[in-house]
Amino acid sequence: MWKNKPAIVSGRHQNPWLEANIPLAASLDLDIARRSSGGGTVYHDEGNLNLSFLKSRDSYNRKENLDLVVEAITNRWDIDLTVNDRDDIMLNKLYKVSGTAAKLGRLQSYHHFTLLHCVNQDLLQRCLTSPMQGASSKATKSFPATVMNLSEQEPDITFESLINTIGRHFLAEVGQKITPDNFHYLNPLCEEDFPGVTDIAYKLQTWEWRFGKSPDFSIHRNFTGQTFKSRPYSVQVNVAVRKGALTSIEIGVDNPDLELLDCLINQFCKDHSGFLLMHDNVKDFESKFLYCFSESEDGQSEYVTEAQWILKCIVSSLDFL
Amino acid sequence: MATIMLGRALQRSFKQINVTTHCRTLKKIAVLKHLGCCYKSYPFAQYESNLTALVATQSRTFQTSTVFNKVIPYKLSDIGEGIREVVILEWYVKPGDKVAQFDSICEVKSDKASVTITSRYDGTITKLHHDADEIALVGQPLLDIDTEDSDEPGKDEDVIEPESSGDLTNKNVGIGGVKRLATPAVRRLATENNLNLADIVGTGKDGRVLKEDVLRLIECVSAPPPAAPASQTPTMPPSPPHSPTPQTLKPVVPSVRQTPPASVGQDRTVPLKGVSKAMVKAMTEALKIPHFGYGDEVNMNRLVELRKRLKVVAEERGLKLSYMPFFIKAASLALAQYPVLNSSVDANCENLTYKAAHNIGVAMDTPEGLVVPSVKNVQSLSVMEIAAELNRLQSLGLAGKLGQADLSGVTFSLSNIGNIGGTYTKPVVMPPNVAIGGLGRIQVVPRFNEEGEISRVHIMNVSWSADHRVVDGATMARFSNLWKQYLEDPLTFVLDLK
């Protein structure tokens, strides 16, 4: 059982940009993580209890674990907790207080789930609302739900009282009493106790894992409102992302007078795409673009404004970073 | 008619035989010969179909068309939970890659679970049937694999079968394929001592290997390291036989013969067991408690006098009377006024139990180490009765024969380290108790008396430690003052004795 400082955790096969408000998280200095198990994106802070049931592959049974925890809690406190068919724990059959995910290996498995007892709900809502528009991908989509904190129903429920109650019940189920041998704190990052954990921790912190593992996706946006030579036009932006890298940016301008600019910009994009989808790289792209399409270029000064507008469209399509 | 032995023996040996459905030669028939089968007279077709039938009953997914060097479609096996299809997340291999049994092949996803699929065979990947992000159906081929000719038994076993012996290279798997249960700390201990968990008999529940089990094995295995003298003979450079090497102007260095290290002690590693081991455990627990200390001096003059006189009386009754019975009784009297110091706190410090009985523990140094037996119900005992009980515990302690009843149930402890020496100490509270007192040596020191003259005073220092979560400084101070008063003016005992 564990808790961690505020973080947004996405599932193995998800797109964090699509599931969460990454710019907000960055501004609030929240960690953005990806776990190895499936499921949706969640917001953790210290008001959330994480439970990980590590068992052999043969003993994998999600219902069993969820029922055990629900029983432990309802034995002690008088609240209405049930497990629904999505393996969520529901409070009063209306509010979600827990989400589940699992990972199966050859011989081992784990099933983990959250338990919201005192989480910052406002931050949760804001973090899990992505500003991304126009994206299409095969990534797993999260299932948004209305949540509630257990402590709102029963103020006595805290991290300490939960681990005590659940731990005791768990041990009782296997016929044990609590002793320092079977109920203790451990340091999961201790290399001596868990050889190989340092490498795993390192890998989990890399950008490649957290963002680069997102399934391929594309963005399609349409921008209107600009005129050229008193003729309104729209700009289409198509971005393709593979393994976290922007493999192509294509723009389409539906104004025949801007055809040359269209070609030039597309050529520029072809030459300068292929970078990892990070803020700094986009800024880099921007400055290169501005340098290329600047006023000092003779004979093209009338197009500069349009070029800059198109650049704005491109950057705007990537504003979810 | 030949007989074919049914059962696992045949299944195992069958796998050494490569049966081809096209080519009717049976290789390695010699194996059947060993089982006492007469194969020659057995009609071929019947033999083959019998084997097929036999194999079909033994192993669900064993394919009788398994032939060496054939490309096999590797099917997606049942993941469980009634799941019929999954999404391929990521391939870890591509066509042309060589894989070994149990290597990871791909990652798939089924609603909430992310599953790692591992290879059933050794071989080379020839074709992937799906791209990433595509849906794969259970029971349909995931990829094609070209298996190599392998004559190792057990290689073709389906990993999903519950009888399979699993990872034979996993050193935690014991005989019969049972995975040894053990906590990470125990595993580490075993690894550090080059022990295979599989070799250790677990005495815990479900055969769980406990630390004691590992330590016991270490004892048996370790022998005192022999004092091997490291004598080094000088190495002669090999002279080439043919041409005489030119004489180099190297000074002749006399060969240094290293003599064995004389009179240097050998390191000795002893596993902690018995009392020492229990102490490690107890002290680790104890130091989780936030301690605070409170010290004071006790003027023992009157008590020293009193004891001198009473000692004689006690000896007449056949008892040794030390100061301890007085300390213990005074403590009990003071505890009656400050019962929180005789309480017990539970593991998470949520409940405080005020204990009715004053079972005062007396720390004893025995040949085995530190033990703390207790004198039970001191509130109902007289000083003499306490002395008698102490005598009994002391003799048992010296003999190493203290029983569970004597060692358990302590509610408050006193440690007379002064017996051995020292003045101030910082005793460690023993959970679930909340207080403990350490008594220093009685020293004779000069002090000013009421008249302002220097006089000889017997001073003993007491150092109390208490659990600051439930005891505050004022309580400890008042308790100490009361205890001190009883000892500095022993007649006050008389007032409160029941």
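Predicted model: local features only at pLDDT ≥ 70, side-chain atom pairs only at ≥ 80, totals over all residues.
Residues are numbered from 1 along each chain as its sequence is written, chains are lettered from A and ligands numbered from 1 in the order in which they are written, and side-chain values use heavy atoms, with hydrogens and water left out.

**View 1. The interface of chain A and chain B.** The contact (heavy atoms within 4.5 Å) takes 32 residues from chain A and 28 residues from chain B. About 2,700 Å² is buried between the two chains, 44% of it on carbon and sulfur atoms; buried area is the accessible area (1.4 Å probe) that two parts lose on being put together, summed over both.

**View 2. Strands β8(A) and β5(B).** Three bridges join β8(A) to strand β5 (residues 113–118) of chain B, and the two run parallel; strands pair if DSSP finds at least two bridges between them. Strands (E, at least two residues) and helices (H or I, at least four) are DSSP runs, numbered from the N terminus.

**View 3. Salt bridges across the interface.** Three salt bridges are found between chain A and chain B, a salt bridge being a side-chain nitrogen of Lys or Arg within 4 Å of a carboxyl oxygen of Asp or Glu. Glu107(B) forms a salt bridge with Lys103(A), with the closest N and O atoms 2.8 Å apart. A network of salt bridges links Arg12(A), Lys213(A) and Glu90(B).

**View 4. The salt bridge of Arg302(B) and Asp489(B).** In this pair the closest N and O atoms are 3.8 Å apart. Because Arg302(B) lies in helix α7 (residues 301–316) of chain B and Asp489(B) in the loop between α11 and α12 (491–496) of chain B, the pair ties together parts that are 187 residues apart in sequence. Asp489(B) is partly exposed, with a relative accessible area of 29%; buried means under 20%, exposed over 50%, and partly exposed in between (1.4 Å probe, protein chains only).

**View 5. The salt bridge of Arg469(B) and Asp467(B).** The two side chains meet at 2.9 Å, N to O. Asp467(B) counts as buried, at 0% relative accessibility, whereas Arg469(B) is partly exposed, with a relative accessible area of 37%.
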